[in-house]
Amino acid sequence: MSLTLSPDSVLEVLRPVQDPELQKSLVDLNMIRNVAIQDGEVSFTLVLTTPACPLREFIVEDCEKAVKTLPGVTTVKVDVTAETPQQKALPDRTGIDGVKNIVAVSSGKGGVGKSTVAVNLAVSLAQAGAKVGLIDADIYGPNAPMMMGLSDANVMVRQGPQGEVLEPAFNHGVKMVSMGFLIDRDQPVIWRGPMLNGVIRQFLYQVQWGELDYLIVDMPPGTGDAQLTLAQAVPMAGAVIVSTPQDVAIADARRGLRMFQQLNVPVLGVVENMSYFIPPDAPEKRYDIFGSGGGEKIATDLGVPLLGCVPLETTVREGGDQGVPIVVQFPGSASAQALKAISQQLAARISVAALTS
């Protein structure tokens, strides 16, 4: 029996359309709202689970096709918005008010571009429309302020109801705190573990973060106090492991990945950075400076996703030095496109985990 054009019939033809990640009906997930009909124009709101949804265009297209099967439909107008789900609370962890998802970006060893990946993922998520914060938890080497163009930022400390509260710096759509804001540029941080643990907790709980969809934490390399403090303090959406394809880096990345698994922190995936070099004078060429296939191998061996591979380009280094991340300065570059795709995959996995766990 054919359906007449009404809000109920619109929902009925949309019911078979599924969220590709969740494998469930958009209607049953309450992702179709505000259905209205006027002179053959059908309009409704599609509420995605993340502003950075990688399949946004496909979902909209499927919705339009379904609605156009109804008699009398002349046009379909889809208003796309997003409501990022929040990770489940844990009884032995203390969440941060207003912060939905906390993600650690970590590496087994230094020098693999972990901070570059963390900064560009944060900015990519913000570009997609998400509310994003960034903690530079690499206390001994706080380089994120330089990469974010915030080397000269002045952060304010004010008195709040529960004590002192730090106002985060802001640039490229991202709120950020770092040890680099609190010490002189050339001052070394010579601290033992308990002091490091204390400042990380301050960055978590004594910063005016406001409402955030994602709080990215740029971890120091290795498997030390910082990782343990974060994992034991807050409920985490998960961790991202960054490595180059090089065997030495992969060996350390495996240890870092296993550490998070032992701490019951979900590993959202692996990012292979510096996968190959693209020379600026010959962009059609690729050179495997650090080998190849390492990220795929660790992902396969340990049963986690490979979120993506980021090539090495001169502009990535230049953007970091100049305080303009490559996803802002050269969004059409191969590296920026790879980082954007990784941010979308990351956001999708976070949403799926929040809605299915």
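**Pockets, cavities and a helix crossing**

Q: Start with the second largest pocket. What is its volume?
A: The second largest pocket has a volume of about 420 Å³. On a 1 Å grid over the protein atoms alone, a pocket is an open set of points with protein on both sides within 12 Å along at least five of seven lines, while a cavity is a set where a 1.4 Å probe fits but cannot get out. Points are joined across faces, edges and corners, and the volume is the space filled by probe spheres set on them.

Q: Before we go on, what am I looking at?
A: This is a predicted model, where local features need pLDDT of at least 70, side-chain atom pairs count only at pLDDT 80 or more, and totals for chains, interfaces and linings use all residues. Residues are numbered from 1 along each chain as its sequence is written, and side-chain values use heavy atoms, with hydrogens and water left out.

Q: Back to that pocket. Which residues lie nearest its centre?
A: Asp-97, Val-165, Tyr-205, Val-207 and Gln-208. They belong to a lining of 18 residues. A lining residue has an atom within 4 Å of a point.

Q: Which element gives the most to it?
A: β9, with three residues. β8 (157–160), β9 (163–166) and α5 (193–205) each supply at least two. Helices (H or I, at least four residues) and strands (E, at least two) are DSSP runs numbered from the N terminus.

Q: And the residue classes there?
A: Seven nonpolar, eight polar and three charged. Ala, Val, Leu, Ile, Met, Phe, Trp, Tyr, Cys and Pro count as nonpolar, Asp, Glu, Lys and Arg as charged, and the others, Gly among them, as polar.

Q: Now the largest pocket. How many residues line it?
A: It is lined by 39 residues. Its volume is about 760 Å³. Nearest the centre are Gly-141, Pro-142, Asn-143, Met-146 and Met-147.

Q: Where does that lining come from?
A: α3 (114–127), α4 (144–147), β14 (267–277), β15 (306–312) and α9 (314–322) each supply at least two residues. α9 gives the most, with four. By class, the lining of the largest pocket has 18 nonpolar, 13 polar and eight charged residues.

Q: How many cavities turn up?
A: Two of 30 Å³ or more, from a search of the whole structure. The largest cavity has a volume of about 80 Å³. Its lining has 13 residues, and the closest to its centre are Asp-19, Glu-21, Thr-49, Cys-53 and Ala-348.

Q: Which helix has the largest share of that lining?
A: α11, with three residues. The classes are eight nonpolar, three polar and two charged.

Q: And which residues line the second largest cavity?
A: Thr-116, Val-119, Asn-120, Met-147, Val-316, Gly-319, Gly-320, Pro-325 and Ile-326. α3 and α9 are the elements that give two or more. Five are nonpolar, four polar and none charged. The space is about 40 Å³.

Q: Change of topic. How do α3 and α11 cross?
A: Their axes come within 9 Å and cross at roughly 70 degrees, with α11 spanning residues 334–356. Axes are lines fitted to C-alpha atoms, for helices over the stretch in contact, with angles from 0 to 180 degrees between N-to-C directions. The two helices are therefore roughly perpendicular, a label for 65 to 115 degrees.

Q: Which residues make the contact?
A: From α3, Val-117, Asn-120, Leu-121, Ser-124 and Leu-125. From α11, Leu-339, Lys-340, Ile-342, Ser-343, Leu-346 and Ala-347. Contact means heavy atoms within 4.5 Å. By class, that is seven nonpolar, three polar and one charged.

Q: Last one. How many helices and strands in the protein?
A: There are 11 helices and 15 strands.

Methods
Angles under 35 degrees count as roughly parallel, over 145 as roughly antiparallel, 65 to 115 as roughly perpendicular and the rest as oblique.
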